[in-house]
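Colleague: I've got this model open and would like to learn how to read its helices. Can you walk me through it?

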Amino acid sequence: MTLFNDISSKWKLVIAILVCEIGGIASGFFSQSGVGTWFISLNKPSWNPPAYLFAPVWTLLYLLMGISFWLIWKSNATEPKKTNAMIIFGVQLFLNFWWSILFFKLHTPALALIDIILMFITINITIFWFAKISRTAAWLLVPYISWVSFASLLNYTIWIMN
């Protein structure tokens, strides 16, 4: 990670937010074909949120994730501690990217459920590692883990109902 240490704090913030937002946009792009067709045909619980809610919620969550990552990246923590925290963040972001593709594009709620459980675990590990460096960075991930907890329950329920 030392390669990127010469970047100013402002640019680190921009890059961190863009990486998170672009990851979400790319995942949505690759999986959008299943949202308007396959997903509509599924049985869903009465507490399934309306479709219009997902884009603004995820946009905000990716923004908070980017700011959280930036706080770690710009911190004065030791390189090994920062590197470990940033790597686990990358793992959860990778899992996040694949969830929509597994669920919406590939129509595999069971595989998506496995993915989201792994995501839940890695987000919690990320929060733990981030808290060692910046409590603010860790707290910024609380809305994210809360939403993923809800999404996990929703994923499970849709899988069972179908």
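Colleague: How many residues does helix 4 have, and how far does it reach from its first C-alpha to its last?

Modeller: Helix 4 has 27 residues and reaches 38 Å, close to the 39 Å expected at 1.5 Å a residue. The expected span is 1.5 Å times one less than the number of residues. Helices here are DSSP runs of H or I with at least four residues, strands are E runs of at least two, and both are numbered from the N terminus. After helix 4 comes histidine 107, with a positive phi near 55 degrees.

Modeller: Some ground rules: this is a predicted model, where local features need pLDDT of at least 70 and side-chain atom pairs count only at pLDDT 80 or more, while totals for chains, interfaces and linings use all residues. Residues are numbered from 1 along each chain as its sequence is written, and side-chain values use heavy atoms, with hydrogens and water left out.

Colleague: What pattern does the protein follow along the sequence?

Modeller: Reading along gives α-α-α-α-α-α-α, with 7 helices and 0 strands.

Colleague: How do I describe two packed helices?

Modeller: You give the angle between their axes and the distance between the axes. The axes are lines fitted to C-alpha atoms, for helices over the stretch in contact, with angles from 0 to 180 degrees between N-to-C directions. For helix 4 and helix 5 (residues 109–133), the axes come within 8 Å and cross at roughly 160 degrees. That makes the two helices roughly antiparallel (under 35 degrees is roughly parallel, over 145 roughly antiparallel, 65 to 115 roughly perpendicular, the rest oblique). Their contact divides into 20 nonpolar, 5 polar and 4 charged residues. Nonpolar covers Ala, Val, Leu, Ile, Met, Phe, Trp, Tyr, Cys and Pro; charged covers Asp, Glu, Lys and Arg; the others, Gly among them, are polar.

Colleague: At what angle do helix 3 and helix 7 pack?

Modeller: Helix 3 (residues 54–73) and helix 7 (residues 142–161) pack at about 140 degrees, axes 9 Å apart, and are therefore oblique to each other. By class, their contact has 11 nonpolar, no polar and no charged residues.

Colleague: Which residues is tryptophan 58 in contact with, leaving aside neighbours within four places in sequence?

Modeller: Tryptophan 58, which lies in helix 3, is in contact (heavy atoms within 4.5 Å) with Asn96, Tyr144, Trp147 and Val148. Threonine 122 is 64 residues from tryptophan 58 in sequence and 18 Å away, C-alpha to C-alpha.
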